[in-house]
Amino acid sequence: MYSASNYLCSAKFLSAMLIGLQDLTFEFGARVIVENATWHIHPGERIGLIGYNGTGKSTLLKVLVGEYLPSKGTVEKGRDTTIGYLHQDLLSFDTNDSILEVAMGAFERVKQLEKEIEKLGKELEETSDEKLLIVYTDKLHELEVLGGYNIHHKTEEVLQGLGFENEHLLRPYKEFSGGWRMRVLLAKMILQQPDVLLLDEPTNHLDLPSIEWLEKYLQHYQGSVVIVSHDKYFLNRMVNKIVELYQQELHIYTGDYEFYEKEKQIRIELQQRAYENQKDYIRQQERFIERFKAKASKAAAAQSAMKRLDKIERIEQVEIERPNIRINFQVDKQPGRVICELKHITKSFGDIKIVENAHAEINRGDKIALIGANGKGKSTLLRIIAGTEKYEGERNWGHNVEESFYAQHQLEALNVNNTILEEMKECGSNKTELELRSLLGCFLFSGDDSDKKIKVLSGGEKARVALAKVIVSRSNFLLLDEPTNHLDMHSVELLAESLNKYEGSYLLVSHDRFFISKTANKIWEIVDHEVKEFKGTYTEWVEWKKRMEERKRTLAKEESKSAETPAPKPVTSNKQPATASQPQPINTNKKELQRLQKQFQGVEDQVAQLNQKKEQAELDLASPDSYKNPAQFAQLEKDYKTVQQQLTVAVKQYEELFEKIMELEK
Ligand SMILES: Nc1ncnc2c1ncn2[C@@H]1O[C@H](COP(=O)(O)OP(=O)(O)OP(=O)(O)O)[C@@H](O)[C@H]1O
Ligand SMILES: [Mg+2]
């Protein structure tokens with residue numbers, strides 16, 4: 001029967017708190033990070049912890065997991081609550097252990113049990129102590145309950161789910177890039193299945209496909225999640241509650257990021273109105289007191305008005321505090337037309353090929369975004385250009401080019417034992433200390449802040465130091481690898497603005513769609529180990545990609561249609577980009593256009609034939625007879641691969657021709 005006590009119990013369970021802060025104050029020396037904060041995390045909550053750079057979000061997570069102790073108040077934690085914590089500074093963890101071992105760290109208890117069981121087993125070989133035997137069987141039972149016999153397999157499965165190939169599982173963790181390390185640590189957490197996940201800026205290290213993967217995973221995650229992030233889009237999809245750390249207080253909003261933005265505006269307006277109303281009231285009372293305090297008949301009333309005024313809790317005027325960094329990229333010298341030329345560049349890491357015989361040119365005025373998935377070699381290409389990575393081929397600098405490189409792990413490259421000022425001095429500009437301090441002021445390190453050690457800086461603060469180092473060089477060409485990582489949204493906007501004003505050229509890598517669309521006039525991609533250039537903005541590139549996808553789909557449809565008919569006809573006219581009704585190109589291009597169209601027809605025919613061949617090969621492979629003879633099967637498989645390769649080449653050619661024709665028809 002469903003009793004009242006049952007109900008109470010489940011209601012209690014629903015409102016149970018997993019972990020929380022009660023009247024908590026935390027400070028670093030004289031700097032208060034948070035004051036009298038109360039915040040409880042309940043089961044099933046998905047919380048976005050937000051705030052400008054340096055407000056103390058990472059610190060707060062460290063307080064929650066017990067890495068830091070509060071100066072006042074308490075951290076409360078359910079007796080059985082388990083926590084998974086992903087540190088903002090991923091690269092601070094480094095090890096020679098294989099990624100399989102790192103992920104298997106999730107099973108600490110199982111590993112400990114295994115050791116204990118082994119030890120007990122040995123002891124039992126020598127004695128037949130009954131008590132020892134009971135302990136031994138208990139431990140065996142616990143191991144079984146924990147699924148201990150299965151951990152190897154489970155770990156492999158999760159890592160493979162996250163995109164790791166089987167043969168990589170035994171490679172050392174330290175050989176992997178940020179994005180992949182992040183996945184290993186995530187795999188560990190998934191295997192631990194904690195009640196609360198605390199993720200400090202998880203998207204900083206991920207490319208778009210991995211962010212999408214993480215989104216899907218988190219959407220199905222049963223436990224509670226706290227995410228620190230500056231990615232508006234990600235937050236909107238992931239959370240249903242926002243906790244903002246602002247002016248040393250926690251402000252709670254029960255909604256997603258969009259709700260927070262609207263609600264915050266309303267709260268600001270309300271506070272401003274309340275402030276103005278109170279100001280009017282105080283002014284009126286003060287006038288009353290002024291007028292009547294000397295008048296005997298009204299003196300008592302004036303007195304009590306004065307007391308009332310003293311007691312009033314003053315509403316503060318709304319002052320919006322924002323970290324307005326002032327970034328001003330300047331150029332010392334004008335370079336020639338060509339900034340940098342890459343010829344026949346080839347680069348591989350072992351058997352992983354990055355680029356092969358690649359060519360590219362960067363010209364004055366180019367503002368290029370290099371985009372693409374993790375592991376395609378974006379950072380490697382940047383390092384090749386910067387000269388910090390070995391390569392085969394030619395890299396030629398243009399006249400008067402002065403480059404400056406903001407590397408992906410720039411933050412980790414800062415010397416943590418330096419103060420900010422020392423770090424700036426070491427980067428070799430001829431600036432005086434006064435000049436450097438004033439530059440640091442633009443990056444919001446005023447007065448004593450410049451003497452802070454790098455090791456205590458927040459992620460965003462370190463990013464600001466690294467940017468200041470780029471700026472001090474006054475270079476005319478910048479190589480920027482993930483410059484928006486760790487920066488809060490407001491600072492990202494300011495950085496985009498200043499890059500727009502910058503007179504030099506740059507090549508940047510970023511996964512931030514907003515930022516790329518604001519800063520690039522060309523898009524580079526590494527496709528088939530070559531550098532592909534698109535002359536246009538990111539928005540134009542996205543539209544172009546969409547068009548190409550549609551083309552491909554139409555083509556595939558047409559091909560399957562034509563394959564159904566006994567004698568496949570060559571391309572139908574609606575697939576051709578040029579139709580009679582379309583405006584004709586100017587004379588000079590006409591011949592070229594005709595030539596291309598002819599070529600286009602030919603390639604289309606070829607694609608149609610190859611598609612047919614491929615279908616036949618698929619049929620042959622699927623036939624049960626083919627399995628009977630291994631040699632025949634191997635041959636069929638080989639044929640299939642060949643035709644597939646030929647088709648890829650033909651489709652690529654088809655797309656290129658199509659683009660050229662479109663270009664000429666403009
Ligand atoms: N050990 C420390 N000693 C002194 N100050 C510190 C220490 N650790 C952090 N701070 C300072 O405390 C402030 C909060 O740092 P924290 O890393 O929590 O910020 P954050 O909100 O996570 O910022 P970001 O968005 O940039 O990651 C920063 O100004 C930082 O410089
Ligand atoms: Mg932080």
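**A walk through the chain**

Guide: The chain holds 22 helices and 18 strands. This is a predicted model: local features need pLDDT of at least 70, side-chain atom pairs count only at pLDDT 80 or more, and totals for chains, interfaces and linings use all residues. Residues are numbered from 1 along each chain as its sequence is written, while chains are lettered from A and ligands numbered from 1 in the order in which they are written.

Visitor: What makes a stretch a helix or a strand here?

Guide: Both are DSSP runs, numbered from the N terminus: helices are H or I with at least four residues, strands are E with at least two. Helix H12 covers residues 378–386.

Visitor: What are the spans of the C-alpha trace?

Guide: They are about 110 × 90 × 60 Å along the principal axes.

Visitor: Why is Asp23 called exposed?

Guide: Asp23 has 12 other C-beta atoms within 10 Å. A residue is exposed with 12 or fewer such atoms, buried with 20 or more, and partly exposed in between; C-beta atoms are placed from the backbone. Asp23 belongs to strand E1. Its phi is positive, about 45°, although Asp23 is not a glycine.

Visitor: Why does Leu444 count as partly exposed?

Guide: Leu444 has 18 C-beta neighbours inside 10 Å, so it is partly exposed. Leu444 also has a positive phi, near 65°, and is not a glycine. Its place is the loop between helix H15 (433–442) and H16.

Visitor: Which residues is Leu169 in contact with, leaving aside its neighbours within four places in sequence?

Guide: They are Ser98, Ile99, Leu100, Glu156, Leu159 and Phe164. Contact requires C-beta atoms, placed from the backbone, within 7 Å. Leu169 lies in the loop between helix H6 (151–161) and helix H7 (178–192). Its 17 C-beta neighbours inside 10 Å make Leu169 partly exposed. Ala103 is 66 residues away from Leu169 in sequence, with 9.8 Å between the two C-alpha atoms. For the chain, take contacts between residues at least 6 apart in sequence: 73% join residues at least 24 apart.

Visitor: Why is one side of E2 and of E4 left without a neighbour in the sheet?

Guide: Start with the order: E2-E1-E4, an open sheet of 3 strands with antiparallel pairing. Strand E2 (31–41) and strand E4 (72–77) stand at the edges with a single partner strand each, so one side of each has no neighbour in the sheet. The twist from one strand to the next averages 20°.

Visitor: How do you know that E1 and E4 pair?

Guide: They share 5 bridges, in the antiparallel sense. Pairing needs at least two DSSP bridges between the strands, so five is enough. In one of the bridges, Thr25 has Lys72 of E4 as its partner.

Visitor: What is the strand order in the sheet of 6 strands?

Guide: That open sheet runs E5-E6-E7-E3-E8-E9, with mixed pairing. Strand E5 (83–86) and strand E9 (249–253) are its edges, each pairing on one side only. E5 and strand E6 (196–200) run parallel, joined by 4 bridges. Tyr85 has Leu198 in E6 as its bridge partner. H2 packs on this sheet, touching E3, E5, E6, E7 and E8, and makes about 150° with the direction of E6. Angles run from 0 to 180 degrees between N-to-C directions; axes are lines fitted to C-alpha atoms, for helices over the stretch in contact. H2 also lies across E1, E2 and E4, at about 125° to E1.

Terms used:
Two residues are in contact if their C-beta atoms, placed from the backbone, lie within 7 Å.
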